[in-house]
Amino acid sequence: MEGVPHSGPRPFGWQEDRITLHPHEAALVRQAISDRIGGKAARAIARDWCELGVSGTRGGRPNAQTVTQIITAPRVCGYRANRGVLMPVPGTTEPVSGQWVPIVTPEQWQAVRATFSLGGPYPRGGSGAPRSTAEKAKPRTIGSGLLRCGAERSDGTECRGAMSRQKGRSKRSPYVYTCRSCRRCSISGPLADEALERLLFSAAPVHASLPESVRRRWRDGDMGVEEKRRTIRSVLTCCVVRPGVKGNPSWDHARVRPEWRSAARAEASAVDREPFRHGVGGSP
Ligand SMILES: [Zn+2]
């Protein structure tokens, strides 16, 4: 909140005091941001920097990733992020500013960020929201956003809370889906994804069965995760997950109960299904 500089190594573009600009590096960052907004590849900028003999503040050779980090960091426009997330000054919508001299304007920083598909720098999930950079690296899985919690509430109804992906603890389940609402239901990620796939391929009602061409591409590994997710979405509204039995290590695919789209809805979304390759149909 006080806008004090980060500890750790000196950020590229500033002097050791982390407040005043390093004239040469700051000029490079300003130029890189403007080049990037103009359409230049981060890789090409890194190559320029290497040719100029530039090295990072810890001595490393610039590469596309480090250049991207440097030019998209909120600090370049004076914003002080906390764990990669901007915090507003209490009572306002203005982000907290750092005490250092900025290299570009907030508008230029927004523009350069927009050239990369980074997550937003503003907090969504409140405290503990993931770093936007970490989020970008995290590959999505086919079940994320599709699973609902099937734990029973005290009034006898189903929780139906959204289940989100978290890190798992075992080799067999490197990730798990857990109910964000009641936290009483959790399922091995690979188990849930496998169950989803089985449902799609062998349990779909006639109106929801996938065309052979789609099945083939899926089986042959020609489909990316996002396309698989759209495919699932076109025939399933969601799947409800029954809580597992404590101490039972066997994989029970029947814990995942499908809720198929009605025949009418499946028909309507089949129209969207045709141009799959072009990314029609929103992801949630
Ligand atoms: Zn729940």
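1. Val29, Ala32, Ile33 and Arg36 of helix α1 are in contact with Val67, Ile70 and Ile71 of helix α3, where contact requires C-beta atoms, placed from the backbone, to lie within 7 Å. By class, the residues of this contact are six nonpolar, no polar and one charged, with Ala, Val, Leu, Ile, Met, Phe, Trp, Tyr, Cys and Pro taken as nonpolar, Asp, Glu, Lys and Arg as charged, and the others, Gly among them, as polar.

2. On provenance, this is a predicted model, in which local features need pLDDT of at least 70 and side-chain atom pairs count only at pLDDT 80 or more, while totals for chains, interfaces and linings use all residues. Residues are numbered from 1 along each chain as its sequence is written.

3. The axes of α1 (residues 23-37) and α3 (residues 64-72) come within 10 Å and cross at roughly 100°, which makes α1 roughly perpendicular to α3, a label given to angles of 65 to 115 degrees. Axes here are lines fitted to C-alpha atoms, for helices over the stretch in contact, and angles run from 0 to 180 degrees between N-to-C directions. Helices are DSSP runs of H or I with at least four residues, and strands are runs of E with at least two, numbered from the N terminus.

4. Helix α4 (residues 106-114) buries Trp109, Val112 and Arg113, buried meaning 20 or more other C-beta atoms within 10 Å of a residue's own, exposed 12 or fewer, and partly exposed in between. Viewed down the axis of α4, its buried residues fall within an arc of 100°, so they line one face, the arc being that of the directions from the helix axis to the C-beta atoms. These buried residues pack against α1 and α3, whereas the face turned away from them carries the exposed Glu107, Gln110 and Ala114.

5. The largest nonpolar core has 23 residues, and Leu147, Ala192, Leu196, Val241 and Val256 have the most contacts inside it; such a core is a set of buried Ala, Val, Leu, Ile, Met, Phe, Trp, Tyr and Cys residues joined through C-beta atoms within 7 Å. Helix α6 gives the most to this core, with six residues. A second, separate core of 21 residues includes Ala42, Ile70, Cys77 and Tyr79.

6. Arginine 215 lies in helix α7 (residues 212-219) and counts as partly exposed because it has 14 C-beta neighbours inside 10 Å. Leaving aside residues up to four places away in sequence, arginine 215 touches Phe201 and Leu210.

Note on methods: Parallel < 35°, antiparallel > 145°, perpendicular 65-115°, else oblique. Contact = placed C-beta atoms within 7 Å.
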